[in-house]
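Me: I'd like to learn how to read side-chain features off a model, one at a time. Can you walk me through it?

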Amino acid sequence: MKAIALAALLIAAPAAAQQVEEVSIDALRAQLAKGASSEAITRAYLARIAAMDRKGPSLRAVIATNPQAIAQAQAADARRKAGKSLGPLDGIPLLIKDNIETADPLPTTAGSLALKDNLTNRDAPVVARLRAAGAVILGKTNLSEWANIRSTNSISGWSAVGGQVRNPYALDRSACGSSSGSGAAVAASFAAAALGTETDGSVVCPSAMNGLVGLKPTLGLVSRTHVVPISHSQDTPGPMARSVKDAALLFSAMVGSDPADAATKDADAHRADYAAGLAAASLRGVTVAVYRPEGLAGPLKERFDAALGVLKAQGATLVEVERPKLDGLGEAEFSVLKSELKADLNAYLATTPAAVKTRTLADVIAFDKAQAAAEMPFFNQEIFDQAEATPGLDDEYRGARAKSARLAREGLDTMLAKAGATILVTPTYGPAWPIDPIYGDQYSGPSASELPAVSGYPHLTVPMGLARGLPVGLSFIGKPYSEAALLGAGHVYEQAAKARVAPRYLPSADVGPGLEGAR
């Protein structure tokens, strides 16, 4: 009787909950191969979001979950059962930054109430590629509203739709932007990986400050169609994940030409399995240029020096270089961004559904003024005003674009050439700054994003550990279409350094007892 009773209890007991925290795409694939279901994995991520995004640490990383996610997961399970798996992403839940359209019943808001009815029922081509690979679209992530182009006093990670994204490592610290929600969500294991977008820093900064791998691809490898734009000269989607291999798996499915995006005309020639060669990657005999930002000190310097030691131990030859003077680069870039914002956003808004009443940048500016309590409680929209005042894509604009692109390319090409290198490494950013609704973003540390963003060159960031309890990243930058080499180098470093530390959701940065003094 006892044996029968015990058997009955075992039959009645619920199955163990599916584990997703800190689980890689590779590990999820292995679980699926052994009989786990995509449905169970998807439900586990949704449960984790429900328990932690508006409750618990209240990360506010996810704007909306997809009501069709479970059905997509069930379809993946059916394909697998029938022996018709679509590849390494089939059944893997991903999150999409909410300036990228999906055909799911979710609006694409860019964080603004002006786009709360932007239900387009269309996939951006980059999402269509992921869907064709079998990925489960789990939902949309929060972001810095309008991808952080509205004001110089903005708070990274805040949007009127989603509220303030918080950093999982220290809840009072910025998750950086504009792909703040994607960064915080992947760090918190709300999905296996996520899509972000970058104009200048918006993939690599939130990746570095949330302990992730982030790849800003060569401009033109990934389509921007149906992505709420800032700049056709600099915008690109990019993968964000907890490991180089996971980022490579996601990136492999994203690359491809799109007839509606002229910049991608050569992308099909670069489609590849970017994860396949990682296991054999090596730094032996590879010359690496090292740029040490002026004034680098303290824990960030310690982490960077340790990272260089790892690269050297793996066989790399390190050659330190100086960044050449690039007078006028920042001003030229900003001029380009303002002109292209007006032109590109007007073109995008013209394609939105009739329910969206803001059809131009001028309409958005008027909307924000009318809804100032909700849209502008902390900062204004002076960059929008400046963009609206630009005359268009005229000769002055074209001159600024030629200047910014030339200077950025010269800067990187010069450093690589002086070292005789194909890869440049430098700290991505310093540790995250405190969230400050009074003064906005307060950051004066190093930033590696400008040159690759303006030039269109690829930029990979990989975790290099914690500086005073906060994540910092190591940047790998190369010439156009060198993603395979950057991912290989990043993978070698990652596997040797093992520097990534999972978040602890502390209320503030763990800086030790020194603030309290001796008494």
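Predicted model: local features only at pLDDT ≥ 70, side-chain atom pairs only at ≥ 80, totals over all residues.

Me: Is serine 112 buried or exposed?

Reply: The general idea is to look at relative accessible area, where buried means under 20%. Serine 112 comes out at 0%, so it is buried.

Me: Glu145 was among those contacts. Which residue does glutamate 145 form a salt bridge with?

Reply: For a salt bridge, you look for a side-chain nitrogen of Lys or Arg within 4 Å of a carboxyl oxygen of Asp or Glu. Glutamate 145 pairs with arginine 150, and their closest N and O atoms are 3.3 Å apart. Then check the accessibility of each partner. Glutamate 145 has a relative accessible area of 3%, so it counts as buried. Arginine 150 is buried as well, at 2%.

Me: How many salt bridges does a search of the whole structure find?

Reply: The search finds 25. Take the one between glutamate 39 and arginine 43, where the closest N and O atoms are 3.0 Å apart. Both residues lie in helix 3 (residues 38-52), 4 residues apart, which is about one turn of the helix. Glutamate 39 is partly exposed at 23% relative accessibility, and arginine 43 is partly exposed at 45%.

Me: What about aspartate 117, which side chain does it meet in a salt bridge?

Reply: That would be lysine 116, at 3.1 Å from N to O. Aspartate 117 is partly exposed, with 36% relative accessibility. Lysine 116 is partly exposed too, at 48%.

Me: Which residues are linked in a network of salt bridges?

Reply: Arg292, Lys301, Asp305 and Glu320 are linked that way.

Me: On to covalent links. Which cysteines does a disulfide join?

Reply: The structure holds 1 disulfide. It joins cysteine 176 to cysteine 205, with an S to S distance of 1.8 Å. To get the handedness, read the torsion about the S-S bond: for cysteine 176 and cysteine 205 it is about 100 degrees, so the disulfide is right-handed. Cysteine 176 is in the loop between strand 5 (163-164) and helix 6 (180-187), while cysteine 205 is in helix 7 (residues 204-209), so the pair ties together parts that are 29 residues apart in sequence. Cysteine 176 and cysteine 205 are both buried.

Me: Last one: at what angle do helix 2 and helix 3 pack?

Reply: With helix pairs, read the angle and the axis distance together. Helix 2 (residues 25-33) packs against helix 3 at about 135 degrees, and their axes are 10 Å apart. The two helices are therefore oblique to each other. Leu28, Gln31 and Leu32 of helix 2 make the contact with Ser38, Ile41 and Tyr45 of helix 3.

Key: Residues numbered from 1 in each chain as written. Heavy atoms only, no water. Buried < 20%, exposed > 50% of the residue type's maximum accessible area, 1.4 Å probe, protein only. Disulfide = S-S within 2.5 Å. Axes fitted to C-alpha atoms, helices over the stretch in contact; angles between N-to-C directions. Parallel < 35°, antiparallel > 145°, perpendicular 65-115°, else oblique. Contact = heavy atoms within 4.5 Å.
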